[in-house]
Amino acid sequence: MRLLQRFAIVLAAGLALHNGAQAQGAVYKCVDDQGRVEFTDTSRKGCKALDLPGYAPPAPPRASAPIPAVRPPNGSPAPVASPTSFPRVDTAQQRARDDDRREILNDELRIEQKKLADLRRDFNGGEPERQGNERNYAKYQERVASMRDEIGRTERNIEALQREISNIR
């Protein structure tokens, strides 16, 4: 029983501290008549609201009038107009930003391509040179598998960078 309570507390603390786990509402700790602990998002008898660090309750939804969709006569969707307060960037400045972005992405692409060439050289067609600490064949196979995974990740990075570069105007 005590172990279950500790586990529940550790689990709740881990979820509260984890960046990806953010509650969308209040979190309650409930203890029933038998002393069992439960964490929930609904309040009921025996529940106490938890004060989670870093938690800010969501703002209530704002009521706004829906914007009617206007379609041109040819039936294609209308272009979305920017609000008048939205900052505008002149064409020359945007072109300079795009050029800078392209240069940065090309630099990253060159780095990834060099990394891939080095990984493939070290991989040696699936038979990399064994290291001194790899007397155990399983250790060697583990390193070969991790090298294969790293090569795959690098290839996907290169593909993603090439797609990003091709999307720049």
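Residues are classed by relative accessible area: buried means under 20%, exposed means over 50%, and partly exposed lies in between, with a 1.4 Å probe and protein chains only. By this scale E150 is partly exposed, with a relative accessible area of 21%. The model is predicted: local features need pLDDT of at least 70, side-chain atom pairs count only at pLDDT 80 or more, and totals for chains, interfaces and linings use all residues. Residues are numbered from 1 along each chain as its sequence is written, and side-chain values use heavy atoms, with hydrogens and water left out.

The protein chain has three helices and three strands. These elements are DSSP runs, numbered from the N terminus: helices are H or I with at least four residues, strands are E with at least two. Along the sequence the order is α-β-β-β-α-α. Of the 169 residues in the protein chain, 17% are buried. The accessible surface comes to about 14100 Å². Carbon and sulfur atoms hold 54% of that surface. Areas were computed by the Shrake-Rupley method with a 1.4 Å probe; for residues, only the protein chains shown count as cover. Contact means heavy atoms within 4.5 Å. Among contacts between residues at least 6 apart in sequence, 48% join residues at least 24 apart.

A search of the whole structure finds one. C30 is joined to C47, with an S to S distance of 2.0 Å. The pair links distant parts of the chain. C30 lies in strand 1 (residues 28-31) and C47 in strand 3 (residues 47-49), 17 residues apart. Both cysteines, C30 and C47, are buried. The torsion about the S-S bond is about 105°, so the disulfide is right-handed.

Strand 2 (residues 37-40) includes T40. T40 is buried, at 14% relative accessible area. Neighbours within four places in sequence aside, T40 is in contact with A26, V27, Y28 and C30. The side chains of T40 and T42 are joined by a polar contact of 3.3 Å. Such a contact is a pair of N or O atoms within 3.5 Å; within protein, one must be able to donate a hydrogen and the other to accept it, and residues adjacent in sequence count only if both atoms are side-chain atoms.

K29 is found in strand 1. At 27% relative accessibility, K29 is partly exposed. The C-alpha atoms of K29 and R44 are separated by 9.9 Å, with the two residues 15 apart along the chain. R44 forms a salt bridge with E38. The closest N and O atoms of that pair are 2.6 Å apart. R44 is partly exposed at 39% relative accessibility, and E38 is partly exposed with a relative accessible area of 39%.

A nonpolar core is a set of buried Ala, Val, Leu, Ile, Met, Phe, Trp, Tyr and Cys residues joined through side-chain atoms within 4.5 Å. The largest such core has 13 residues. Those with the most contacts inside it are L105, L109, F123 and I151. Helix 2 (91-123) and helix 3 (137-167) are the elements that give two or more residues to this core. Helix 3 provides the largest share, seven residues. Apart from neighbours within four places in sequence, I151 is in contact with L116, L119, R120 and F123.

Side chains of opposite charge can pair when their charged atoms come close. A salt bridge requires a side-chain nitrogen of Lys or Arg within 4 Å of a carboxyl oxygen of Asp or Glu. The structure holds 10. E155 and R120 meet in one of them, at 2.4 Å from N to O. This pair links distant parts of the chain, with E155 in helix 3 and R120 in helix 2, 35 residues apart. E155 is partly exposed at 29% relative accessibility. R120 is partly exposed as well, at 44%.

E150 and R153 also form a salt bridge, at 2.7 Å from N to O. Both lie in helix 3, three residues apart, about one turn of the helix. R153 is partly exposed at 39% relative accessibility. Elsewhere, salt bridges that share partners join K114, D118, R121 and D122 into one network.

Conventions. Disulfide = S-S within 2.5 Å.
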